[in-house]
Amino acid sequence: PSDPHRWDPFKRYRRDDKGVLNQVGLSADKAAWRDCHALLQMKVPGDSRPEVLEWLGEIYQLRDSGQLELQPQYQLVIFGLSTASGKAASIELWRGERLPLPLVYLKDEWLVDQLKLALDLAREVGLGLRRSIWYLAHQLVTEQDAPRLADHLSADNLFWPRLEGPFRSLLVSLPQGGDLNSWGDNLRRAARDAFNEVMRELETSSGVLKSLVISEGYFNREIAKALEPLGKEREYESAD
């Protein structure tokens, strides 16, 4: 490689403040698909996707020009592990994920930008759901006890797993002319299902029911606000 710090073509690297390229690992608290756009992105200062994806991008261009026969889509397999600090032999997390990868993503920045928008929307909806749970907790208990109850009722584990399948479908449909409308519907549905599941865990006394009704209104406003960029995207497409 031209850069002596970059040796492994299967790893992603990021340049630190001192100009040194460091390996970028997986996040222990979220699945790799939630950072998929960062893995595919191009021409980002200080960030570098795995060299193997650069090679695939070059091969895709040869296919596109008719110089090479190649499937338009492959499987991207992501593996990673993390170890305890200072203990390389103590593995705390191992993860393997498989995603469909239409190769056009490797040469089309607009598609990667759309993917980023989709994941940004998911993050905002997830934050809106989290704020709604916190609001609900403050309706049910004292200010002092609310944080502990909110952590107990956390809906993250109910929300994100519901999106993995729809995201795989989005990866395939976007290059085929699909848009983010169905993705927005999936986000709204996943957040609603997660919020409803949390509400079912609570007692159904009249006092709790009143708090649930108030919190549901807050939830609806939060999700609508989180999905506002999707509405602006539709207006932009209509203007075009």
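**View 1. Strand 1 (residues 13–15) and strand 2 pair in the antiparallel sense over 3 bridges.** Two strands count as paired if DSSP finds at least two bridges between them. Strands (E, at least two residues) and helices (H or I, at least four residues) are DSSP runs, numbered from the N terminus. The model is predicted: local features need pLDDT of at least 70 and side-chain atom pairs count only at pLDDT 80 or more, while totals for chains, interfaces and linings use all residues. Residues are numbered from 1 along each chain as its sequence is written, and side-chain values use heavy atoms, with hydrogens and water left out. Arg14 has Asn22 of strand 2 as its bridge partner. The open sheet has 3 strands in the order 2-1-3, with antiparallel pairing. Its edge strands, each pairing on one side only, are strand 2 (21–23) and strand 3 (47–48).

**View 2. A nonpolar patch on the surface is formed by Val77, Phe79, Leu81, Ile91 and Trp94.** Together these residues have about 560 Å² of accessible area, computed by the Shrake-Rupley method with a 1.4 Å probe, where for residues only the protein chains shown count as cover. Patches are made of residues with over 30% relative accessible area and no salt bridge; like charges are joined within 9 Å and nonpolar side chains (Val, Leu, Ile, Met, Phe, Trp, Tyr) within 5 Å. Strand 4 (73–84) and strand 5 (87–102) are the elements that give two or more residues to the patch. Strand 4 gives the most, with 3 residues. Ile91 lies in strand 5. Ile91 has a relative accessible area of 53% and is therefore exposed; the cut-offs are under 20% for buried, over 50% for exposed and in between for partly exposed (1.4 Å probe, protein chains only).

**View 3. The largest nonpolar core has 59 residues.** A nonpolar core is a set of buried Ala, Val, Leu, Ile, Met, Phe, Trp, Tyr and Cys residues joined through side-chain atoms within 4.5 Å. Helix 3 (residues 109–140) supplies the largest share of this core, 13 residues. The residues with the most contacts inside the core are Leu40, Tyr105, Phe159, Leu163, Phe167, Trp183 and Leu187. Leaving aside neighbours within four places in sequence, Leu40 is in contact (heavy atoms within 4.5 Å) with Arg49, Leu53, Leu101, Tyr105, Leu106, Val112 and Leu115.

**View 4. Asp120 and Lys116 meet through their side chains in a salt bridge, 2.9 Å from N to O.** A salt bridge is a side-chain nitrogen of Lys or Arg within 4 Å of a carboxyl oxygen of Asp or Glu. Both residues lie in helix 3, 4 residues apart, about one turn of the helix. Asp120 is buried, with a relative accessible area of 18%, whereas Lys116 is partly exposed at 36%. Salt bridges with shared partners join Lys116, Asp120, Arg123 and Glu124 into one network.

**View 5. Asp8 forms a salt bridge with Lys11, and Asp35 forms one with Lys30.** The closest N and O atoms are 3.9 Å apart in the pair of Asp8 and Lys11. Asp8 is partly exposed, with a relative accessible area of 25%, and Lys11 is partly exposed at 32%. Between Asp35 and Lys30 the closest N and O atoms are 3.4 Å apart. Asp35 counts as partly exposed at 26% relative accessibility, as does Lys30 at 24%. A search of the whole structure finds 14 salt bridges.
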